[in-house]
Amino acid sequence: MFGFILRRLAVAIPTLLLLIVVSFLLMHAAPGGPFTQERALPPQVLANLNAKYGLDEPLWRQIAGYVWGIVAHFDFGPSFVYPDRSVNQIIAAGFPVTLTYGGIAFVVAVAVGVALGVAAAIRQNSWMDYLAVGISIGAQVLPNFVMAPLLVLVFTLWLGWLPGGGWGGPIYWIMPVVALSTSFMASIARITRSSMLEVLGSNHIRTARAKGLPERAVILRHALKPAMLPVISYLGPAFVTMITGSVVIDMYFSTGGIGRSFVDSALNRDYAVMMGITILVGALTILFSLVVDVLYAWIDPKIRY
């Protein structure tokens, strides 16, 4: 297993470096610049700004300096729009908020989704199966940009139970968590149900039942673990999507997460912040792809890449 992890890391590190370089080149190729405005700046002012941020240097030197700053110091550089703030400070201010509601949403989505999927598969074609499938379909057709205004309408405007926006104690977390987790919960329930039905119809489950094992032991010891393989493959990118936040959630509930920072940086041409958040999301995607591969190998030792 240790050798397997080392091999995966040997692939992940160059992938991350390639992501950094490609992100830099794409931002550099975008039309306009960070100091492009409706009213053009005087040439001397523009030259001074470019010199301050190193934008007047050759492209290869800019890339090398940017990559070295991230690798050696984990420094994404200064913001082009907020001179008194660095990209690290902007990410550090928004990411804990996003991580809080995204992490809770992930736990809720997995717990409820797996429970619904397993219950539906065990009681196939019963009222429990129909109820679980109905809940999943209902949740699937309510993406977060639909759930968010519905939740505010019901629980803020009609009932007055929850604040409609802002960020503070746990009462502010409820609606962002529900809005973000609903569609993921539905997908997890659907995948779990299908996978459980396939496993429950396999030969080793029939053998376990023929030996007289209690149904609970058959489900927990022999069916649940292999049924989680397709669920785990879905959870990797889903986890990254949730903990890196949703632009809709940040914008609608004014949470102050990095989704809002990304939108603001795009509107303000703050390329440094855009690159920082893009690289952060890419790095987390690579990391959790590695975690998913390790979990795959742990659940089924026959799987190797």
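What share of the contacts in the chain with a separation of 6 or more is accounted for by residues 24 or more positions apart? The share is 72%, where contact means heavy atoms within 4.5 Å. The model shown in these views is predicted: local features need pLDDT of at least 70 and side-chain atom pairs count only at pLDDT 80 or more, whereas totals for chains, interfaces and linings use all residues. Residues are numbered from 1 along each chain as its sequence is written, and side-chain values use heavy atoms, with hydrogens and water left out.

**Figure 1. Overview of the chain.** The secondary structure comprises 12 helices and zero strands; helices (H or I, at least four residues) and strands (E, at least two) are DSSP runs numbered from the N terminus. The C-alpha trace spans about 85 × 55 × 30 Å along its principal axes. Of the 305 residues, 42% count as buried. Buried denotes under 20% relative accessible area, exposed over 50%, and partly exposed the range in between (1.4 Å probe, protein chains only).

**Figure 2. The largest pocket.** The space in this pocket amounts to about 580 Å³. Its lining has 26 residues, of which Phe 24, Tyr 53, Leu 55, Gln 62 and Phe 80 are the closest to the centre. Helices H1 (2-29), H3 (59-73) and H12 (271-299) each supply at least two lining residues, and the largest share, four residues, comes from H3. By class, the lining has 14 nonpolar, 10 polar and two charged residues. Ala, Val, Leu, Ile, Met, Phe, Trp, Tyr, Cys and Pro count as nonpolar, Asp, Glu, Lys and Arg as charged, and the others, Gly among them, as polar. On a 1 Å grid over the protein atoms alone, a pocket is an open set of points with protein on both sides within 12 Å along at least five of seven lines, a cavity is a set of points where a 1.4 Å probe fits but cannot get out, and lining residues have an atom within 4 Å of a point. Grid points are joined across faces, edges and corners, and a volume is the space filled by probe spheres set on the points.

**Figure 3. The second largest pocket.** This pocket has a volume of about 330 Å³. Nearest its centre, among 17 lining residues, lie Leu 16, Ile 20, Ile 70, Phe 74 and Ala 283. H1, H3 and H12 are the elements that give two or more residues to this lining, and H12 gives the most, with seven. The lining of the second largest pocket divides into 17 nonpolar, no polar and no charged residues.

**Figure 4. The largest cavity.** One cavity of 30 Å³ or more is found in the whole structure, and the largest cavity has a volume of about 50 Å³. Among the residues that line this cavity are Leu 162, Pro 163, Tyr 172, Met 175 and Phe 253. Seven of the lining residues are nonpolar, three are polar and none is charged.

**Figure 5. Surroundings of Gln 89.** Gln 89 belongs to helix H4 (residues 87-122) and counts as partly exposed because its relative accessibility is 43%. A polar atom of the Gln 89 side chain lies 2.9 Å from the backbone nitrogen of Ser 86.

**Figure 6. Helix H11 and its packing.** The buried residues of H11 (residues 258-267) are Ile 258, Gly 259, Ser 261, Val 263 and Ser 265. These buried residues pack against H4, helix H10 (247-253) and H12. Arg 269, which follows H11, has a positive phi near 60°.

Note on methods:
Polar contact = N/O pair within 3.5 Å; in protein donor to acceptor, adjacent residues only side chain to side chain.
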